[in-house]
Amino acid sequence: MESRVLKPMLAVYVVAFILFLYGPFFVLWILSFQQGPDGGPQFPITEWSTYWYRQIFGLTPPSRIAPLPVGEALVRSLILAFMTMVTSTVLGVMSAQAFRRKFRGSGFVFYLIVLGMMVPGVLTGLGTSLLANNVFEITRHWYTTAFATHVAYTFPFAFLVMLAILNRFDSSVEEAAWSLGVSPWKTFRKVTFPLIFPGVLSAMLFAFTLSFDEFPRSLFAAGGTEDQTLPLAIYGTFSVEIHPNIFAFGVLTTLFSFALLSVYGILMGLSVRRARKLAMQEEIA
Amino acid sequence: MAYDLQLSHIGKVYDNGTPAVIDFNLDVDKGEFIAFLGPSGCGKTTTLRMIAGFETITSGDLLIRGSRINDLLPEKRPTSMIFQNYALFPHMNVRQNIRFGLEVKGMAAAEADRKVDRIIDKLGLTDVATMRPNRLSGGQRQRIALARSLVVEPDILLLDEPLGALDANLRKSIQNELKLLQRELGITFVFVTHAQSEALALSDRIVVMNAGRVEQISPPRELYTRPQSLFVSRFIGANTLIPGVVKDLAGEGVTLDTAFGILTGEKHDRLASGDKASLILPAEAVDILPANVAPEEARKTYGTNMIPCQITRAQLIGHILQMGVQLPNGDVIAVEGHADKYRGQFAAGAQAFVAWQAPRSTVIKH
């Protein structure tokens with residue numbers, strides 16, 4: 001009896017949930033096919049076209065609407081996200097590895113690390129900017145001050161992912177390797193790392209995506225126009241006037257994210273096989 | 001002579017102050033098969049892990065072939081360990097698992113191949129050499145773990161409940177293989193188990209542990225016939241404990257004043273007249289005498305070690321007669337013997353005597 005009432009209710013709830021989750025994106029997606037250059041960012045669609053997509057890539061004749069000034073910002077954001085990903089993942093793996101043994105003050109250090117994702121981004125950004133301007137008197141750049149705030153923000157995520165992975169890791173395989181005469185470092189490279197590699201991939205994905213669309217920290221810590229990251233550049237265009245080219249760009253970046261996720265999925269699938277080769281192909285002299 | 005492995009006053013105290021192992025002393029000859037036996041939490045695995053180098057040693061000295069190795073890293077020790085869950089490398093196939101230790105040591109490829117081939121052949125793993133371990137049965141994994149450890153030619157092989165995860169039939173057959181392998185290779189084995197039958201079947205000597213302490217170190221048979229502590233007498237075999245007070249130490253054995261009269265057993269501890277002690281009676285030492293036995297004849301063999309009893313259960317299983325025998329205080333002893341010996345004269349309900357020869361029982365101080 002219960003399920004006759006409960007099940008439809010749950011179904012409705014799930015549908016509503018998905019609608020709220022993906023609704024905004026669908027609206028964006030539909031409006032990105034608005035006719036241009038005269039069509040505005042609202043319904044109804046006067047005529048379906050791919051005008052705004054072509055406009056992003058400069059394939060339309062010049063009009064009163066300027067192309068999105070995002071090219072360089074996109075490159076900056078990609079490089080920044082990549083740098084952040086590598087740094088945070090390396091730090092995350094190393095610190096999670098350290099936390100496998102209890103050490104004096106480990107509780108304190110844990111909260112110190114996790115603080116990076118708890119503190120409001122605006123505060124971190126503002127603080128970093130004040131510190132750079134007034135204390136250290138250095139110029140802010142996306143690859144210096146902003147990079148530091150991105151690492152402070154994404155490192156806790158990578159750390160927590162790796163902590164969860166290592167928590168379930170059966171350390172007897174490491175002990176088995178040691179007892180065969182394999183040094184701890186080689187054991188890490190050839191046994192531990194290949195086995196935790198799926199977790200490392202997840203940590204990398206987290207760090208990359210979080211950095212790629214990070215806004216409040218970059219806003220304060222990144223510096224002037226020539227240091228703008230992609231989210232800042234997009235935000236900058238809002239303050240003038242909104243055209244459907246933003247929507248088209250949004251759809252493209254979402255597709256990019258999906259591509260990234262697919263690559264992640266494929267890598268996950270291959271990781272075990274890859275790891276095996278990694279461990280055995282390398283002959284040690 | 002030099003021992004293969006020596007533990008001298010080894011102790012381990014955890015960071016929170018709890019002692020795990022207390023004053024462990026053991027000398028192991030080359031090629032000996034030693035079992036650490038005890039209930040869970042008795043410190044046997046901790047001791048094994050100290051030998052392997054996975055646990056730090058708080059006090060005492062650990063020597064392998066005469067040199068002190070307390071502070072040597074695990075990978076530098078001439079030991080190799082077999083884990084209860086086998087701890088095979090899941091990302092390598094069987095052959096790669098076995099070859100790993102040699103490769104990392106930098107052994108020439110041809111030589112490594114030769115050694116790996118030989119051990120794979122010896123342990124019957126040829127057909128599965130290119131498979132992943134997680135596809136294989138428990139018995140096969142066990143053999144892979146053995147091959148992986150043996151191929152690096154350790155001086156001492158440490159085994160942590162290696163048969164624990166196998167079903168009963170497989171355990172028996174692997175047990176036999178293990179014993180044969182150990183004899184053939186002449187490597188010292190130290191084997192941790194909580195199963196009596198394994199320890200008794202495999203080892204040259206058994207170290208019985210309880211609550212961090214060594215209770216007794218003896219060959220299996222002696223552990224059975226001559227337990228040296230109350231714990232061992234309860235833990236190993238089927239012993240009856242008869243409490244009493246020490247009366248006389250003068251003769252061959254010790255006489256004990258008990259609820260069943262004056263009983264005599266072999267002396268073990270330092271005992272003084274008036275000490276509280278128990279007579280430990282192994283089930284194998286018990287003879288059942290009919291109620292109408294000629295008392296004078298029986299006394300020649302058994303002295304005063306005769307207690308009237310009642311047969312509560314008698315069951316013939318093939319040529320073995322199993323009996324339950326109730327003592328005057330209500331305790332029931334399980335006794336079994338060859339049917340011929342008892343000639344079918346005992347049925348449930350019959351009166352009889354429990355009797356034993358004094359040297360086959362032991363008196364242990366409380």
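Student: Is the crossing of H3(A) and H8(A) left-handed or right-handed?

Tutor: The crossing of H3(A) and H8(A) is right-handed. A crossing counts as right-handed if the near helix is turned clockwise from the far one by less than a right angle, and left-handed if anticlockwise. Keep in mind that this is a predicted model: local features need pLDDT of at least 70, side-chain atom pairs count only at pLDDT 80 or more, and totals for chains, interfaces and linings use all residues. Residues are numbered from 1 along each chain as its sequence is written, and chains are lettered from A and ligands numbered from 1 in the order in which they are written.

Student: At what angle do H3(A) and H8(A) pack?

Tutor: At about 140°, with the axes 8 Å apart. Helix H3 of chain A spans residues 71-98. That angle makes H3(A) oblique to H8(A). Under 35 degrees is roughly parallel, over 145 roughly antiparallel, 65 to 115 roughly perpendicular, and the rest oblique. Axes are lines fitted to C-alpha atoms, for helices over the stretch in contact, and angles run from 0 to 180 degrees between N-to-C directions. Helices (H or I, at least four residues) and strands (E, at least two) are DSSP runs, numbered from the N terminus.

Student: Which residues of H3(A) meet H8(A)?

Tutor: Among them are A:Leu80, A:Thr84, A:Ser88 and A:Gly92. The H8(A) side includes A:Val200, A:Met204 and A:Phe208. Contact is C-beta atoms, placed from the backbone, within 7 Å.

Student: How many nonpolar, polar and charged residues are in that contact?

Tutor: The contact of H3(A) with H8(A) has ten nonpolar, six polar and no charged residues. Ala, Val, Leu, Ile, Met, Phe, Trp, Tyr, Cys and Pro count as nonpolar, Asp, Glu, Lys and Arg as charged, and the others, Gly among them, as polar.

Student: New topic. How many residues does each chain give to the contact between A and B?

Tutor: Chain A gives 21 residues and chain B gives 23. On chain A, helices H7 (172-179), H8 (184-212) and H11 (244-281) each give two or more. H7(A) has the largest share, six residues. By class, the chain A side has 14 nonpolar, four polar and three charged residues.

Student: And domains? Where are the bounds in chain B?

Tutor: Domain 1 of chain B is 5-225 and domain 2 is 238-365. Such bounds come from an automatic or database domain assignment. The C-alpha centres of these chain B domains lie 40 Å apart. For chain A, the assignment gives domain 1 (2-56) and domain 2 (75-240). The chain A centres lie 34 Å apart.

Student: Which strands close into a barrel in chain B?

Tutor: Five of them, in the order S11-S12-S13-S20-S14, with mixed pairing. Neighbouring strands there are turned by 55° against each other on average, direction ignored. S11(B) and S12(B) pair in the antiparallel sense over four bridges. B:Asp248 stands opposite B:Thr255 in S12(B). Two strands pair if DSSP finds at least two bridges between them.

Student: What about the open sheet, what's its strand order?

Tutor: S15-S19-S16-S17-S18 of chain B, with antiparallel pairing. S15 (287-290) and S18 (332-338) are the edge strands, each pairing on one side only. Seven bridges join S17(B) to S18(B). B:Leu321 stands opposite B:Gly337 in S18(B).

Student: Last one. How many residues lie between S9(B) and S10(B) in their hairpin?

Tutor: Two. B:Ala211 in the turn has a positive phi of about 50°. S9(B) and S10(B) pair antiparallel over five bridges. B:Met209 stands opposite B:Val214 in S10(B).

Note on methods. Contact = placed C-beta atoms within 7 Å.
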